[in-house]
Amino acid sequence: MSAKAQQQKPLVLGIGNAVMGDDGVGLRVVEELENEDVSDIAHTECVGVDGFRVLARLRNYEQAILVDAISGLETGEVYVLTPDKLREENLGHSLHDLSVEHVLRMGNTIYEDEFPSDIYFVGIGISSASFGEEISEDVSNAVQTAVDVIVDILVSNGLDAETYDTTISNGGE
C-alpha cells in the first residue's frame, strides 16, 4: 500500500503571511475551516509562505486545495483555479520563494505518484499587502465565501474542471 493511499482525506493548506495584512487571508480561511470542524472530511494546515514547506506537505495526498491571497485581480473576489488555469492566465502567483507553478512542477518531478493528481487553488483577490495583522474589509468579507466554496469542493469530492476556473462573487459588491 502506498503512503498516498493512507491519506484518504484531502489536504487544505492556508498560505500567507499573518503580519502582512491581506496577504494573510489564506491563513484566515483555513482557521475558519478549522472553527467549522471539517476534520472529518479534510486535513487542514496553515503553512505560512515557505514554498518548500508547501511542497513537502502535499506529498502523499490525492487531492489538495491551496488557499492564498492573489494580487492583480478584483479585490475581495474569490477565484477557484486549476493549476492549468493559473499557468494559462500567467498570474505569476508567488509563495515568496517559489511560484505555485514551480512548487507543482517540482512536486510532480520529485514525488511522482506520491503527489496530488487533483489540486485546486482558491485565491482571494487583494490590492496590497502592508505591514500589520488586520485585513481589509473587502478581503475579510470574502473569507466566508472562500470557506463555503472549499466545503462544497470537499463535500462533493471535487467538481469537474468546467465548474472551476471561475470567479465567485463574495456578495459584498
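Trainee: How close do the axes of α3 and α5 come, and at what angle do they cross?
Mentor: Please keep in mind that this is a predicted model. The two axes, those of α3 and α5, come within 10 Å and cross at roughly 45°. That angle makes α3 oblique to α5.

Trainee: Is the crossing of α3 and α5 right-handed or left-handed?
Mentor: The crossing in which α3 passes α5 is right-handed.

Trainee: Which residues meet between α3 and α5?
Mentor: On the α3 side they are G51, F52, V54, L55, A56 and L58. Their counterparts in α5 are V103, L104, M106, G107, I110 and Y111.

Trainee: And which residues of α3 are buried?
Mentor: G51, V54, L55 and L58 are the buried residues of α3. Viewed down the axis of α3, they fall within an arc of 100°, so they line one face of the helix.

Trainee: What covers the buried residues of α3?
Mentor: The cover includes the strands β1 (11–15), β2 (43–48) and β3, together with α5.

Trainee: Turning to α5, what is its extent?
Mentor: Helix α5 spans residues 100–111, which is 12 residues. From its first C-alpha to its last it reaches 16 Å, close to the 16 Å expected at 1.5 Å a residue.

Trainee: Which of the α5 residues are buried?
Mentor: V100, V103, L104, G107 and Y111 are buried in α5. Down the axis of α5, these buried residues fall within an arc of 95°, so they too line one face of their helix.

Trainee: Why would positions with that kind of spacing point the same way?
Mentor: An α-helix has 3.6 residues a turn, so residues three or four places apart point the same way.

Trainee: What lies over the buried residues of α5?
Mentor: Their cover includes α3 (51–58), β3 (63–71), α4 (83–88) and β5 (118–126).

Trainee: Is E112 buried or exposed?
Mentor: E112 counts as exposed because its relative accessibility is 56%, and the cut-off for exposed is over 50%.

Trainee: What about N60: where is it, and what is its phi?
Mentor: N60 lies in the loop between α3 and β3. Its phi is positive, about 75°, although N60 is not a glycine. At 15% relative accessibility, N60 counts as buried.

Trainee: Changing topic, where does L13 sit?
Mentor: L13 belongs to strand β1, and with 0% relative accessibility it counts as buried.

Trainee: Which residues does L13 contact, leaving aside its neighbours within four places in sequence?
Mentor: With those neighbours left aside, L13 is in contact with V30, E45, V47, V54, R57, L58, I65, L66 and V67. Two of these residues, V54 and L58, are also listed as buried in α3.

Trainee: How far is L13 from F121?
Mentor: L13 and F121 are 108 residues apart in sequence and 9.8 Å apart in space, C-alpha to C-alpha.

Trainee: What share of the contacts in the chain joins residues 24 or more positions apart?
Mentor: Such pairs account for 80% of the contacts with a separation of 6 or more.

Trainee: Finally, how many helices and strands are there, and in what order do they run?
Mentor: The protein chain has six helices and six strands. From the N terminus on, the order is α-β-α-β-α-β-β-α-α-β-α-β. Buried residues make up 45% of the 173 residues in the chain.

Note on methods:
Residues are numbered from 1 along each chain as its sequence is written. This is a predicted model: local features need pLDDT of at least 70, side-chain atom pairs count only at pLDDT 80 or more; totals for chains, interfaces and linings use all residues. Side-chain values use heavy atoms; hydrogens and water are left out. Helices (H or I, at least four residues) and strands (E, at least two) are DSSP runs, numbered from the N terminus. The expected span of a helix is 1.5 Å times one less than its number of residues. Buried means under 20% relative accessible area, exposed over 50%, partly exposed in between (1.4 Å probe, protein chains only). The arc is that of the directions from the helix axis to the C-beta atoms. Contact means heavy atoms within 4.5 Å. Axes are lines fitted to C-alpha atoms, for helices over the stretch in contact, and angles run from 0 to 180 degrees between N-to-C directions. Angles under 35 degrees count as roughly parallel, over 145 as roughly antiparallel, 65 to 115 as roughly perpendicular and the rest as oblique. A crossing is left-handed if the near helix is turned anticlockwise from the far one by less than a right angle, and right-handed if clockwise.
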